[in-house]
Amino acid sequence: MNVTSRKIPAFALQEMIVVLLITAIVVGMAFSVLRLVQRQMGSIQNIYEVKLEADKLRQSLWVDFNRYSSVYYNEEENRLYFSNELEMKHYGIEDNRMVTEKDTFNIEIASKICYFNNNEITSGEIDAFEIQTSKQTGQQRLFVYKDNAAATYMNR
């Protein structure tokens with residue numbers, strides 16, 4: 001009997017080890033990139049939340065500046081008062097954050113400036129308010145103002 005041996009085509013052990021090493025390197029690099037992308041997305045989300053909070057504060061102040069006829073700032077109490085014939089509202093600045101009766105705006109305030117007729121004032125009736133946020137919140141500048149009615153000048 002003639003026995004012919006046939007060689008079965010297959011990979012050698014060394015070839016399989018090389019393939020596994022290359023696969024491990026590629027998968028390791030993919031996980032490294034994934035971690036970097038996740039970290040970057042987290043920082044983008046934090047920046048977005050801070051900017052959103054600043055925009056909500058700006059919008060709230062803008063609405064109140066234009067809804068109420070009188071706006072006063074009391075430096076001793078660190079409060080911003082809004083009033084008209086029907087109602088009154090106030091914003092308090094506590095721990096460098098703006099607080100109203102219903103909302104708390106978690107933005108660290110680095111500085112605030114009150115204006116009346118384009119002049120800086122420390123207390124009294126105002127027609128513009130500027131807030132500079134801290135470095136942790138992106139050093140954003142919020143500026144809101146209102147047009148004064150004739151009664152404002154007559155009452156002074």
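A: A residue counts as buried when its relative accessible area is under 20%. Please keep in mind that the model is predicted.

Q: With that cut-off, how enclosed is β2?
A: β2 is largely enclosed by the rest of the structure, because four of its five residues are buried.

Q: Is S83 buried or exposed?
A: S83 has a relative accessibility of 19%, so it counts as buried. This residue belongs to strand β2, which covers residues 79-83.

Q: And what is S83 in contact with, leaving aside neighbours within four places in sequence?
A: The contacts of S83 are then Y68, S69, S70 and M88.

Q: Turning to the sheet, what is the strand order?
A: The sheet is open and has six strands in the order β5-β4-β3-β2-β1-β8, with antiparallel pairing. Its edge strands, β5 (104-105) and β8 (124-125), each pair on one side only.

Q: How many bridges link β2 and β3?
A: Five bridges join β2 to strand β3 (residues 88-94) in the antiparallel sense. Within this pair, L80 has Y91 as its bridge partner, and R79 stands opposite G92.

Q: What about β1 and β2?
A: Strand β1 (residues 70-74) pairs with β2 in the antiparallel sense, also over five bridges. Here Y73 has L80 as its bridge partner in β2.

Q: Which residue in the turn between β1 and β2 has a positive phi?
A: That residue is N78, with a phi of about 55°; the hairpin of β1 and β2 has four residues between the strands.

Key:
Residues are numbered from 1 along each chain as its sequence is written. This is a predicted model: local features need pLDDT of at least 70, side-chain atom pairs count only at pLDDT 80 or more; totals for chains, interfaces and linings use all residues. Side-chain values use heavy atoms; hydrogens and water are left out. Helices (H or I, at least four residues) and strands (E, at least two) are DSSP runs, numbered from the N terminus. Buried means under 20% relative accessible area, exposed over 50%, partly exposed in between (1.4 Å probe, protein chains only). Contact means heavy atoms within 4.5 Å. Two strands pair if DSSP finds at least two bridges between them.
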